[in-house]
Amino acid sequence: MTSPRTRPATTRTRRYALAAGDGVVRECREHTQRALSEWFGAGGAPGEVAAEDALLLVSEIVTNALTHGGVPYELRLDRTDGRLRVQVSDTSPVRPRAHGRHHADRPSGHGLYLLGRLSAAWGCRPRGRGKTVWCEVEVPAGAGRASPT
């Protein structure tokens with residue numbers, strides 16, 4: 001769950017301190033949906049492909065952090081030209097890795113496959129308290145006409 005203190009650093013960046021517990025994935029999705037709607041207008045609206053892809057990827061990255069990475073402690077969202085960049089930091093230094101080939105009939109193990117298929121780019125970098133997994137989702141041209149908050 002997020003702490004009561006969310007701190008938008010700029011109108012193009014939002015950072016949320018996370019605390020482990022039930023509901024952290026849902027809260028991250030809600031923060032992301034608000035940012036998408038405010039930053040990208042119609043392109044970030046529920047039901048739009050870019051918005052749905054971004055929300056699914058947020059769910060996957062946060063779930064992977066909870067399952068494999070220790071404790072997720074920060075969600076950072078950045079608006080760049082035509083893209084939303086999502087970053088989730090957790091306490092484990094272990095980089096994400098696929099456990100063999102992707103098989104659609106398996107009940108789990110789809111996170112990295114989805115990152116590769118749905119994001120424009122993704123990666124992982126070390127961070128003082130573990131690592132940050134990031135991805136970028138392209139937002140359609142013509143979106144982003146909403147005034148930033």
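**Questions on the fold**

Analyst: Ser119 is found in the loop that joins H3 to strand E5 (121-127); helices (H or I, at least four residues) and strands (E, at least two) are DSSP runs, numbered from the N terminus. The model is predicted, so that local features need pLDDT of at least 70 and side-chain atom pairs count only at pLDDT 80 or more, while totals for chains, interfaces and linings use all residues. Residues are numbered from 1 along each chain as its sequence is written, and side-chain values use heavy atoms, with hydrogens and water left out.

User: Is Ser119 buried or exposed?

Analyst: Buried means under 20% relative accessible area, exposed over 50%, and partly exposed in between (1.4 Å probe, protein chains only). The relative accessible area of Ser119 is 11%. Ser119 is therefore buried.

User: Which residues does Ser119 touch, not counting residues up to four places away in sequence?

Analyst: A contact means heavy atoms within 4.5 Å. With residues up to four places away in sequence not counted, Ser119 touches Leu57, Leu114, Cys135 and Glu136.

User: How many Å apart in space are Ser119 and Glu138, C-alpha to C-alpha?

Analyst: In sequence, Ser119 and Glu138 are 19 residues apart. In space, their C-alpha to C-alpha distance is 7.5 Å.

User: What pattern does the chain follow along the sequence?

Analyst: The chain has three helices and six strands. Read along the sequence, they follow the pattern β-β-α-α-β-β-α-β-β.

User: What is the direction of H1 relative to H2, roughly parallel or roughly antiparallel?

Analyst: Axes are lines fitted to C-alpha atoms, for helices over the stretch in contact, and angles run from 0 to 180 degrees between N-to-C directions. Helix H1 (residues 24-40) packs against helix H2 (residues 49-68) at an angle of about 150°, and their axes are 9 Å apart. Angles under 35 degrees count as roughly parallel, over 145 as roughly antiparallel, 65 to 115 as roughly perpendicular and the rest as oblique. H1 is therefore, relative to H2, roughly antiparallel.

User: How many nonpolar residues does the contact of H1 with H2 have?

Analyst: Residues of H1, including Val24, Cys28 and Leu36, meet residues of H2, including Ala51, Val58 and Leu66. Ala, Val, Leu, Ile, Met, Phe, Trp, Tyr, Cys and Pro count as nonpolar, Asp, Glu, Lys and Arg as charged, and the others, Gly among them, as polar. By class, the contact of H1 with H2 has four polar residues, one charged residue and, as nonpolar residues, eleven.

User: Which residues of H3 meet H2?

Analyst: The axes of H2 and helix H3 (residues 111-118) cross at roughly 150° and come within 10 Å. From H2, the residues taking part are Asp53, Leu56, Leu57, Glu60, Ile61 and Asn64. From H3, they are Gly111, Leu114, Leu115 and Leu118.

User: Is Trp122 buried or partly exposed?

Analyst: Trp122 has its place in strand E5. Among the residues that Trp122 touches are Pro96, Leu112 and Trp134. Because its relative accessibility is 30%, Trp122 counts as partly exposed.

User: Which residues does Gly82 touch, not counting residues up to four places away in sequence?

Analyst: Gly82 lies in the loop between strand E3 (72-80) and strand E4 (83-90). Gly82 counts as partly exposed, at 39% relative accessibility. Not counting residues up to four places away in sequence, Gly82 touches Val137, Glu138 and Val139.
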